Amino acid sequence: MSAQTATPSPTPSGDPAADGTAGPGWAVLGPGGIARRFLSQLPASTGTLVAVGSSSPERAQAFAGEAAEHGFADVRAGAYDAVLADAAVDAVYVSTVHTGHADLVLRALSAGKAVLCEKPLAPNHGTAMALVDAARQAGLPLVEAYMYRFHPQTAALLDLVRDGAVGEVTHVDASFAFRAGERSGRLFDVGTAGGGILDVGGYPVTMVAAVVQAATGTAVAEPVELTATGTLGPTGVDEWTVARLTYRDGTTASVRTGVRVQDENTVTVHGTRGRIVLTDPWTLSDDPTITVHTVDDDPRTLSFAGARPYALEADATTAALASGGVEAAQMTLDETLATARTLDRWRAAIGLRYPFEAETADIPTVSGRPLRVRDDAPMRYGEVPGVGKRMSRLVMGVDNQPDLAHASALFDMFVEQGGNVFDTGYIYGGGVLEGRLGRWIENRGIRDEVVVITKGAHTPYCDPESLTRQLLESLERQGTDHADVYMMHRDNPDVPVGEFVDVLDEHRRAGRIRVFGGSNWTPARFDEANAYAAANGRHGFEVLSNHFGLAEAYDVPWDGCEHATDPASKRWLEERQVPLLPWSSQARGFFTGRAAPEDTSDAELVRCYYSDANFERLRRARELGERYGVPATAIALAYVLHQPFPTFPLFGPRTIAEARSSMTGLSVELSPEQVAWLDLRA
């Protein structure tokens with residue numbers, strides 16, 4: 001075997017900088033075992049430890065004493081709040097148990113500190129999403145401390161992959177598993193999110209993702225398929241599990257983790273011309289190595305002696321702070337979110353959900369503080385007569401939330417931004433999503449403040465009897481006694497319209513519905529319903545929810561749908577001033593950059609929206625967006641909000657970031673002339 005040595009860049013000293021200024025001041029929050037490893041390498045960084053915070057004064061004092069042994073004198077020990085208020089602290093290292101991360105991360109960001117947080121950033125994607133959003137809003141660095149990502153060995157591996165050292169990557173095998181002596185402590189406690197997946201399973205997951213990213217040139221790689229098997233132990237945590245991953249480019253991976261089975265804890269990257277082996281990818285001893293085996297050459301070994309990964313991750317965090325960034329390039333926030341989603345899926349595949357995130361759990365806000373509308377909330381409001389509450393002009397669709405923790409974080413953000421209207425349906429998620437919304441509302445105690453749109457009577461159960469049965473079941477799922485707005489999800493022209501009006505009127509008079517209308521009803525059928533209501537002393541239809549947006553629809557995505565994008569429907573809406581709750585107002589991605597005349601890969605997008613006129617609308621939206629400094633999607637939303645009839649557009653963000661992107665449209669003011677120009681009428 002031939003040997004080749006790769007010498008890492010010198011790590012900076014912890015002494016004051018050459019110009020005489022002191023380096024960044026660090027605080028450790030949670031002085032446990034991993035914090036001691038961080039402390040042992042911090043002298044190799046540009047920073048200095050100035051404080052340690054703990055819920056235990058004794059532990060804080062003991063850690064401060066240990067810091068002196070590493071050259072950090074006069075380290076202040078105190079409670080978390082005192083440490084975060086210390087002006088000498090520029091950055092904090094959060095190293096408490098998993099379930100303690102969120103509170104300290106938010107408090108640190110609020111105090112203006114950069115944050116290096118031990119993995120996992122949070123027990124689930126919903127909480128991680130809220131923390132990432134907080135960092136981005138604060139404009140402060142938040143770095144998930146997968147310290148191996150900052151080691152030169154990892155950088156060299158990714159360079160080898162990019163350079164095609166073993167040809168095209170086809171499969172990655174990665175493991176991190178160990179055998180704990182006893183089933184006790186945090187690792188075996190469901191209350192602190194114990195088990196292998198969250199403790200060390202993120203290492204192989206993030207390594208595989210990094211390899212796929214390097215091989216494909218993508219910024220974030222996330223498996224498109226994930227299957228897993230495993231064993232849950234007597235305390236309820238995962239003790240051994242194997243997952244099989246497939247990525248969009250076809251690369252596969254096998255990842256293993258556990259806390260009761262010792263594994264080899266290696267990484268092997270298989271390619272079309274050989275393999276790359278890391279025998280010490282995670283703990284990173286004094287001299288970790290990479291061995292490259294190819295069909296062309298004898299095996300060669302690269303050595304990476306002397307690097308201090310904990311010091312390197314600390315310096316990456318403070319470098320981001322100095323540059324005004326919110327992340328480190330070695331482990332970006334989008335990668336952190338993708339990892340959290342993958343770990344959620346891995347746990348779900350083996351049936352592991354912690355009690356504190358169950359569908360019946362009382363999940364608090366991530367901050368732990370009561371939910372309230374922010375003073376700087378951008379929301380616009382309107383009214384629908386009969387509802388009895390002002391309504392946010394944007395309506396959150398309840399159809400993209402995979403679990404209660406995720407839904408809670410997303411819904412909380414919507415309310416903080418002034419949103420209060422939620423749209424759900426009897427068929428969404430087989431009823432699970434209605435129940436999830438109801439549980440969140442109960443947890444927050446805000447039923448009187450929100451407006452819930454409930455939909456039912458979907459094909460093939462679109463008849464008066466099914467409508468009643470589904471309405472009562474929806475109310476039971478939601479844990480409420482009324483729907484603020486009830487809409488038939490489809491129409492059934494085979495049923496005389498008066499039969500629908502009669503049953504809806506009956507439920508309204510009984511207090512189970514405050515306002516009703518139709519989703520995917522034609523204007524003619526809507527008029528027929530109201531003519532019957534007027535002639536027979538019934539309440540009529542008061543709201544309509546059809547597809548409407550800047551792009552004219554030439555077809556609809558699902559059978560039974562109706563659009564209102566044609567000129568005749570627009571005139572009807574303006575004449576009657578019927579409140580419209582449009583769905584797919586951004587044309588299912590037409591304005592996001594997915595659509596181009598030469599790209600016909602999305603057959604549905606082509607069928608529904610491709611035309612010269614719509615591409616001209618897209619061009620104009622982009623042009624106006626550049627003028628306002630917002631994306632074309634924001635202009636498309638602003639177009640809907642500025643119609644000459646009441647509109648309350650539905651949107652279905654999957655993440656907080658998507659929600660914020662859509663909400664930029666709330667800041668855009670359009671004149672009637674601009675609205676007409678966007679719609680090619682001027």
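Asn265 is buried, with a relative accessible area of 13% (buried means under 20%, exposed over 50% and partly exposed in between, using a 1.4 Å probe and protein chains only). Its phi is near 55 degrees, a positive value in a residue other than glycine. Asn265 sits in the loop between β11 (252-258) and β12 (267-271); helices (H or I, at least four residues) and strands (E, at least two) are DSSP runs, numbered from the N terminus.

This is a predicted model, where local features need pLDDT of at least 70, side-chain atom pairs count only at pLDDT 80 or more, and totals for chains, interfaces and linings use all residues. Residues are numbered from 1 along each chain as its sequence is written, and side-chain values use heavy atoms, leaving out hydrogens and water.

Leu284 also has a phi near 55 degrees, and Leu284 is buried at 9% relative accessible area. Most residues other than glycine have a negative phi, and most peptide bonds are trans.

| Cis peptide bond | Omega | Loop holding the proline |
|---|---|---|
| Lys119 to Pro120 | near -15 degrees | between β6 (114-118) and α5 (125-138) |
| Thr459 to Pro460 | near 10 degrees | between β20 (451-456) and α12 (464-478) |

Now for a sheet. Seven strands form an open, parallel sheet in the order β23-β22-β21-β20-β19-β18-β24, and its edge strands, β23 (543-545) and β24 (650-651), each pair on one side only. Two strands pair if DSSP finds at least two bridges between them. Strand β22 (residues 513-519) is joined to β23 by 3 bridges, and Gly517 stands opposite Val543 in β23.
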